[in-house]
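Me: I have a structure open and would like to learn how to read it. Could we go through it feature by feature?

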Amino acid sequence: MNRRDPLPSPHPHPPRFEELLLVALGAVPGALFRWLLHRDPLANLLGCLLIGMLAGLQPPRPRLMLLVGIGFCGAFTTFGGWIAALATTLRQGAFPTMGW
(Lines give C-alpha, C1' and ligand atoms only; values in the text may rest on other atoms or scores of the structure.)
Protein backbone atom coordinates (compact mmCIF):
# COMPACT_ATOMS: atom_id res chain seq x y z
CA MET A 1 0.00 0.00 0.00
CA ASN A 2 1.49 3.36 -0.93
CA ARG A 3 0.89 6.59 0.99
CA ARG A 4 -1.85 7.80 -1.35
CA ASP A 5 -4.02 4.71 -0.86
CA PRO A 6 -6.79 5.13 1.73
CA LEU A 7 -6.67 2.93 4.81
CA PRO A 8 -8.73 -0.24 4.48
CA SER A 9 -12.15 -0.08 6.06
CA PRO A 10 -12.65 -2.20 9.18
CA HIS A 11 -16.06 -3.14 7.76
CA PRO A 12 -16.43 -5.35 4.69
CA HIS A 13 -19.19 -3.08 3.36
CA PRO A 14 -20.93 0.11 4.43
CA PRO A 15 -23.97 -0.59 6.64
CA ARG A 16 -27.17 -1.16 4.73
CA PHE A 17 -30.43 0.47 5.77
CA GLU A 18 -31.82 -2.87 6.97
CA GLU A 19 -28.83 -3.34 9.29
CA LEU A 20 -29.14 0.16 10.72
CA LEU A 21 -32.87 -0.37 11.22
CA LEU A 22 -32.31 -3.63 13.11
CA VAL A 23 -29.84 -1.94 15.47
CA ALA A 24 -32.21 1.00 16.03
CA LEU A 25 -35.21 -1.27 16.65
CA GLY A 26 -33.23 -3.19 19.26
CA ALA A 27 -31.77 -0.09 20.91
CA VAL A 28 -35.12 1.51 21.79
CA PRO A 29 -36.39 -1.29 24.08
CA GLY A 30 -32.87 -1.81 25.45
CA ALA A 31 -32.66 1.82 26.56
CA LEU A 32 -36.18 1.72 28.02
CA PHE A 33 -35.48 -1.45 30.03
CA ARG A 34 -32.28 0.08 31.37
CA TRP A 35 -34.14 3.23 32.39
CA LEU A 36 -36.77 1.12 34.22
CA LEU A 37 -34.20 -1.13 35.92
CA HIS A 38 -32.07 1.56 37.65
CA ARG A 39 -29.35 -1.00 38.48
CA ASP A 40 -26.16 -0.69 36.43
CA PRO A 41 -24.40 -3.85 37.65
CA LEU A 42 -27.51 -5.97 37.10
CA ALA A 43 -28.11 -4.51 33.63
CA ASN A 44 -24.48 -5.14 32.66
CA LEU A 45 -24.58 -8.70 34.00
CA LEU A 46 -27.82 -9.55 32.18
CA GLY A 47 -26.64 -7.88 28.98
CA CYS A 48 -23.33 -9.74 29.01
CA LEU A 49 -25.12 -13.03 29.61
CA LEU A 50 -27.43 -12.38 26.67
CA ILE A 51 -24.59 -11.34 24.36
CA GLY A 52 -22.68 -14.48 25.33
CA MET A 53 -25.68 -16.67 24.56
CA LEU A 54 -26.09 -14.99 21.16
CA ALA A 55 -22.40 -15.31 20.34
CA GLY A 56 -22.57 -19.04 21.04
CA LEU A 57 -25.44 -19.76 18.65
CA GLN A 58 -24.63 -22.24 15.93
CA PRO A 59 -25.00 -21.42 13.13
CA PRO A 60 -24.33 -17.69 13.74
CA ARG A 61 -27.36 -15.45 13.19
CA PRO A 62 -26.11 -12.03 12.03
CA ARG A 63 -29.54 -10.35 11.91
CA LEU A 64 -30.35 -11.49 15.44
CA MET A 65 -26.94 -10.24 16.62
CA LEU A 66 -27.64 -6.82 15.07
CA LEU A 67 -31.10 -6.59 16.65
CA VAL A 68 -30.45 -8.08 20.10
CA GLY A 69 -26.68 -8.13 20.57
CA ILE A 70 -25.72 -4.73 19.22
CA GLY A 71 -29.04 -2.89 19.40
CA PHE A 72 -30.76 -4.12 22.56
CA CYS A 73 -27.71 -5.10 24.63
CA GLY A 74 -25.70 -2.12 23.43
CA ALA A 75 -28.32 0.27 24.79
CA PHE A 76 -29.14 -1.88 27.83
CA THR A 77 -25.54 -2.17 29.04
CA THR A 78 -24.35 1.33 28.20
CA PHE A 79 -21.30 2.39 30.15
CA GLY A 80 -22.51 5.99 30.10
CA GLY A 81 -25.16 5.35 32.73
CA TRP A 82 -22.57 4.04 35.15
CA ILE A 83 -20.24 6.96 34.49
CA ALA A 84 -23.05 9.49 35.07
CA ALA A 85 -23.96 7.82 38.37
CA LEU A 86 -20.31 7.75 39.42
CA ALA A 87 -19.83 11.43 38.59
CA THR A 88 -22.93 12.39 40.59
CA THR A 89 -21.77 10.32 43.57
CA LEU A 90 -18.29 11.85 43.49
CA ARG A 91 -19.70 15.39 43.24
CA GLN A 92 -21.74 14.72 46.37
CA GLY A 93 -18.56 13.66 48.17
CA ALA A 94 -19.72 10.09 48.75
CA PHE A 95 -17.65 6.98 48.20
CA PRO A 96 -18.96 5.04 45.17
CA THR A 97 -20.58 1.65 45.81
CA MET A 98 -21.70 -1.10 43.47
CA GLY A 99 -25.30 0.17 43.55
CA TRP A 100 -26.95 -3.03 44.71
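Me: In which helix does Ala27 lie?

Reply: This is a predicted model, and Ala27 lies in helix α1.

Me: Is Ala27 buried, partly exposed or exposed?

Reply: Burial is read from relative accessibility, and a residue has to fall under 20% to count as buried. Ala27 is partly exposed because its relative accessibility is 24%.

Me: Which residues is Ala27 in contact with, leaving aside its neighbours within four places in sequence?

Reply: Once those neighbours are left aside, Ala27 is in contact with Gly71, Phe72 and Ala75. A related reading is the distance between C-alpha atoms: those of Ala27 and Phe76 are separated by 7.6 Å, although the two residues are 49 apart along the chain.

Me: How many residues does α1 have, and how far does it reach?

Reply: Helix α1 covers residues 17-37, which is 21 residues. From its first C-alpha to its last it reaches 30 Å, close to the 30 Å expected at 1.5 Å a residue.

Me: Which residues of α1 are buried?

Reply: The general idea comes from the helix repeat. An α-helix has 3.6 residues a turn, so residues three or four places apart point the same way. In α1 the buried residues are Glu19, Leu22, Gly26, Gly30 and Arg34.

Me: Why does Glu19 count as buried?

Reply: Glu19 counts as buried because its relative accessibility is 16%. Leaving aside neighbours within four places in sequence, Glu19 is in contact with His13, Pro14 and Leu66.

Me: At what angle do α2 and α3 pack?

Reply: For a pair of helices, read the angle and the distance between the axes. Helix α2 (residues 40-55) and helix α3 (residues 62-76) pack at an angle of about 165 degrees, and their axes are 9 Å apart. The pair is therefore roughly antiparallel. The crossing of α2 past α3 is left-handed.

Me: Which residues of α2 and α3 meet?

Reply: From α2 the list is Ala43, Leu46, Gly47, Leu50, Ile51, Leu54 and Ala55. They meet Leu64, Met65, Val68, Gly69, Phe72, Cys73 and Phe76 in α3. By class, this contact has twelve nonpolar, two polar and no charged residues.

Me: How far apart are the axes of α1 and α3?

Reply: The axes of α1 and α3 are 6 Å apart, and the helices pack at an angle of about 35 degrees. Their crossing is right-handed. The residues of this contact divide into 14 nonpolar, three polar and four charged.

Me: Which residues are buried in α3, and what covers them?

Reply: The buried residues of α3 are Leu66, Val68, Gly69, Gly71, Phe72, Cys73, Ala75 and Phe76. Their cover includes α1 and α2.

Me: How many helices and strands are there in the protein?

Reply: The protein has four helices and zero strands. Read from the N terminus, the elements run α-α-α-α.

Me: What share of the protein's residues counts as buried?

Reply: Of its 100 residues, 19% count as buried.

How values were computed. Residues are numbered from 1 along each chain as its sequence is written. This is a predicted model: local features need pLDDT of at least 70, side-chain atom pairs count only at pLDDT 80 or more; totals for chains, interfaces and linings use all residues. Side-chain values use heavy atoms; hydrogens and water are left out. Helices (H or I, at least four residues) and strands (E, at least two) are DSSP runs, numbered from the N terminus. The expected span of a helix is 1.5 Å times one less than its number of residues. Buried means under 20% relative accessible area, exposed over 50%, partly exposed in between (1.4 Å probe, protein chains only). Axes are lines fitted to C-alpha atoms, for helices over the stretch in contact, and angles run from 0 to 180 degrees between N-to-C directions. Angles under 35 degrees count as roughly parallel, over 145 as roughly antiparallel, 65 to 115 as roughly perpendicular and the rest as oblique. A crossing is left-handed if the near helix is turned anticlockwise from the far one by less than a right angle, and right-handed if clockwise. Contact means heavy atoms within 4.5 Å. Ala, Val, Leu, Ile, Met, Phe, Trp, Tyr, Cys and Pro count as nonpolar, Asp, Glu, Lys and Arg as charged, and the others, Gly among them, as polar.
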